[in-house]
Amino acid sequence: MATSTEAAGTIGATSPGSRKALIAILPLAILLYAVVPFILRGQPYWLNVMTNAAILSFGSLGVWVTFAIGRVNIAQGAFALLGGYTTAILSTVFGLSFWLCLPLSGVVAALVGTLIGWPLLRLRGIYFAMVTLSLTEAMRLLFLNTVTLHDGGGVLNIPRPAGIDTPLDFYLFAATLLLVGYLAVWRLAGSRIGWVFRSMRQNEELAMSIGINVARYRVFAFAFCSAMGGMAGASFASLQQNIYPATYTVTDSINFMLYCFLGGLDFVLGPIVGTFGLIIAFELLRSIQEYQALLYGALMILVMLFLPNGVLSLPSILGRFWRSGR
Amino acid sequence: MEQILVNGAILSANYALIALGITLIFGIMNVLNFAHGQMFMIGGLIVYTVCVVFKLPYAVGLLSAAVAVGLIGMLLERTLFQRVMRISSREENTMLLAVGTALLLENIALYVFGEKQRGIPPMVSGVYRLGSAFLPANRLLVFAISLALIAAVLLFVNFTRQGRAMRALAQDRTATMLMGVDVNRISMLGFGLGAALAGIAGGLLISVSGVNAGIGTAISTKAFIMIMIGGAGVIGGALLGAVALGFAEAIGYALFPGSVTYLLIFTALILFLLIRPQGIMGKPWG
């Protein structure tokens, strides 16, 4: 993965697009590769927290893509579960290496996403939200009733990724995954496809009328999202070495959505800021862990009331406030 | 077989209360109430507190559940939903707000009532026989109360001044306002009524199967299934969805082990939505 950023760096001198990519990704890369490991060196617990946050951000970046086409997707937990089980079964039953399982989990999730998404994406608004929520629950029940390796449908003793042993290794892997995901979504959002997505969010009929194959684009967005969910689930399964049908429930699907929303739906960085913000905040608030979920709810309502466009919209609001104050 | 029909009918009547409530809120406010299951749960736990902890009669418990949950609904509508509906730029926002209130209510309930599964002793004892089916008197009472309430809500919505205003609001907000209806008041009333119905449904079901603080999401999911089958925002559709889900559940639990029933219901639902995405009685993207 380092090669791709290096390549971007060398071409960057000539092509303005690549230079923009470098500017977009460099601060995040420095933060993830240098600042975080430096501050948290020798603190495996906090490195684990950051690893979790990075992988969860990767999953919520996927949800952001479906938000970009104007669909509220509450199915990311289902695809994380699917990806997790794909890796769990491939690595324990067939002995495949994690580095093969990870892309395969993404592929399986994308295929299932395409198959399910093709018909379901005809639904809109609350219908799509409700049916994706049902999908999360259906996926849990599916694994509960079909996987018989262990009582309760779980898979245990999933091998750790080869070559990854210390918490720092885990963290660097998660950070790399996140950077690649960020670069991919950032590139997607800025490309022609990104503009097609935005036009679909505003008015699907209008987009259709100017010759955009809306059905194909929205399935692509959903499959892209599902693949990211599947890879996030695969990474978690391997890091935690077990997976159960209840590992991802409706609550997790809602959380993925919540992270995007909290960061701001208009920014590619939104899901990353939202996830890290919430995860770190609640680690710091561990002493009042009893009220954690209560605060989640209250926070969500407060943001809804006062920052309906997410935390990242704060600078522009403050800027406007400052200008009008003068 | 008769037992399955009896169970299905009782479940359907109770689910109809849930579906009616969420449909009223959706129709009038265009808000998908994610907190509906949590309101159901709070209703059940209030009945438990009044009847078991304070040892008051069941009727008092049910009434206080209806009033308390109705007031919670009205309060949420007035303080949160009205503001967000006014300032929001995306239509998802009210839905996300509802998710937030669901989280909040669930955790407040966890804190206030604890996480134990709660039930109350049956209000009436005795068992009737209907052909080969057993029909406990308690369930018959629940069934009768549900049916009476459904009838009352239908009469209210169809034949009273406020009910007519609610239906008008569901059709066209601006036109209703122009006719001199106090839109904010009617919205609050509708939200409160929908919430109260959820509370009553919880208060009724706690005497049959018990309620715990974590049951909300499962109930909301059931409510969503019902309105997806029937069509969102259509009262007839809500009742139809409730009957479909109630009988599907009763038949499934009789034939399949445990969680297979809902797996089949979800699969059937997705296949059904392929053919009719707007539900049986829903308007296409209306």
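1. Burial is counted on C-beta atoms placed from the backbone: a residue is buried if 20 or more others lie within 10 Å of its own, exposed if 12 or fewer, and partly exposed in between. Helices (H or I, at least four residues) and strands (E, at least two) are DSSP runs, numbered from the N terminus.

2. This is a predicted model; local features need pLDDT of at least 70 and side-chain atom pairs pLDDT 80 or more, while totals for chains, interfaces and linings use all residues. Residues are numbered from 1 along each chain as its sequence is written, and chains are lettered from A and ligands numbered from 1 in the order in which they are written.

3. An α-helix has 3.6 residues a turn, so residues three or four places apart point the same way.

4. What covers that buried side? Contact here means C-beta atoms, placed from the backbone, within 7 Å.

5. Now the A-B interface. It takes 33 residues from chain A and 38 residues from chain B. On the chain A side, α5 (98-120), α6 (125-146), α11 (250-263) and α13 (292-306) each supply at least two residues. α6(A) gives the most, with 14 residues. By class, the chain A side has 26 nonpolar, four polar and three charged residues. Ala, Val, Leu, Ile, Met, Phe, Trp, Tyr, Cys and Pro count as nonpolar, Asp, Glu, Lys and Arg as charged, and the others, Gly among them, as polar.

6. Chain A has 14 helices and zero strands. Buried residues make up 48% of its 326 residues. Of its contacts with a separation of 6 or more, 78% join residues 24 or more positions apart. The C-alpha trace spans about 65 × 50 × 50 Å along its principal axes.

7. Domains of chain A, with bounds from an automatic or database assignment, are domain 1 (1-41) and domain 2 (46-325). Their centres, taken over C-alpha atoms, are 23 Å apart. The contact takes 11 residues from domain 1 and 14 residues from domain 2. The domain 1 side has 11 nonpolar, no polar and no charged residues.

Terms used: Two residues are in contact if their C-beta atoms, placed from the backbone, lie within 7 Å.
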